[in-house]
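Please walk through this model one region at a time. Keep the sequence and the 3D view side by side.

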Amino acid sequence: VKALIGPTFNLFQRPPLSRVNAIYGLAPTDRLFGNGAVPENLNDDALGRCLDDLSELDLELLFHECSEMAVKKFGFESPIRHGDSTNFSFYGEKKDVPDGEISPEYGKSKTGRDDLLQYALQITTDSNRIIRTMRPYKGNAADSTMDGDTLEFFGEHLSAEERSGMVFVADSKMATEGNVRKVCDLGMGVVTKCPVKFGDGFEQRAFEMSKKAEWHRYDVKDHGGEGTKYSVMLCDLDLEASFGTGRKHRSMWLRAVVFRRPDEIGPKTEGLKDRFRRLEKRYDDLGRKTFG
């Protein structure tokens, strides 16, 4: 695996399997791969057998275990998990794939091309920017589904003690009732942007309540701690989020953090006023005309 990863850091040459050993021709292979290892051992047959062995493993779990081992060994522990999804689009013809394999699908590509096939990918990193989990998906997988799977993975492979100090950070697509409940059940914290349609008008109610609540100002320092980079006004509120009706009605209490940037409000407001004045001037003549 180390031999396969090494050439990926070469920006100018990505060799095929049959040429990987040439990359290590002058390298101290015994220190990299163990006593007695020589470049000739890193041939395409050996690397191919390695790939065959990896294909039979749970790669997501293997990657996670390697990541956990590395951060503990080198002291890069972090309680934060940033989750995000993306997709990779490509030209091709859709074909059936064997059971158990991930299939490329037509989906809403970021390129705006619905005729392209794509794969999806969910990754979580920590506050040190180290990748902690990674799982590929078929191309039409929903972001909320991938987020939910990641939370279930945490529940299966992390202890209650490890989860108790963790915070999952994700975008608004993560914020579904099911996913928020999963986070709560796992004993983890969560930070996300509230969708407009979440929890029976949760976002709008938070805005309305914030008008009567107490605000706190925080100054964010510039890199190096010298001078104020920008200021943030925060308002913390505890609100009940309601889902469903009748027998299916369920609710949970969540903390809403309403914020605004004072240094941005003024310029943006003036920009909107200036735009309105220009539009008003452009169409002012219409008010003086009579239409029959």
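Threonine 29 touches Tyr24, Gly34, Ala37, Val38 and Pro39, leaving aside its neighbours within four places in sequence. Contact here means heavy atoms within 4.5 Å. Threonine 29 sits in helix α3 (residues 29-33). Helices (H or I, at least four residues) and strands (E, at least two) are DSSP runs, numbered from the N terminus. Is threonine 29 buried or exposed? Threonine 29 counts as buried, because its relative accessibility is 5%. The cut-offs are under 20% relative accessible area for buried and over 50% for exposed, with partly exposed in between (1.4 Å probe, protein chains only).

The model is predicted: local features need pLDDT of at least 70, side-chain atom pairs count only at pLDDT 80 or more, and totals for chains, interfaces and linings use all residues. Residues are numbered from 1 along each chain as its sequence is written, and side-chain values use heavy atoms, with hydrogens and water left out.

Move to the strands. β3 (residues 117-125) and β4 (residues 131-138) pair in the antiparallel sense over seven bridges. Two strands pair if DSSP finds at least two bridges between them. Leucine 121 has proline 136 in β4 as its bridge partner. Five residues lie between the strands of this hairpin. Arginine 129 takes a positive phi there, near 70 degrees.

β4 also takes part in a pocket. It is one of the elements that each supply at least two residues to the lining of the largest pocket, along with α1 (2-5), α4 (44-55) and α5 (59-74). Which element gives the most? α5 does, with eleven residues. The volume of the largest pocket is about 990 Å³. Of its 27 lining residues, Leu59, Leu62, Phe63, Cys66 and Met134 are the closest to the centre. On a 1 Å grid over the protein atoms alone, a pocket is an open set of points with protein on both sides within 12 Å along at least five of seven lines, whereas a cavity is a set where a 1.4 Å probe fits but cannot get out; lining residues have an atom within 4 Å of a point. Grid points are joined across faces, edges and corners, and a volume is the space filled by probe spheres set on the points. The lining of the largest pocket divides into 21 nonpolar, three polar and three charged residues. Ala, Val, Leu, Ile, Met, Phe, Trp, Tyr, Cys and Pro count as nonpolar, Asp, Glu, Lys and Arg as charged, and the others, Gly among them, as polar.

The second largest pocket holds about 740 Å³ of space. Two or more of its lining residues come from each of α8 (177-186), β6 (189-191), α9 and β9. β9 gives the most, with seven residues. The pocket has 24 lining residues, and Thr192, Lys193, Cys194, Ala256 and Val257 lie nearest its centre.

Now look at α9 (residues 202-210) itself. Its buried residues are Phe202, Glu203, Ala206 and Ser210. What covers them includes β8 (228-243) and β9 (250-260).

The largest cavity holds about 40 Å³. Its lining is Gly83, Asp84, Ser85, Gln122, Asp143, Asp147, Ala170 and Asp171. β1 (80-90) and α6 (143-157) each give two or more of these residues. The lining divides into one nonpolar, three polar and four charged residues.
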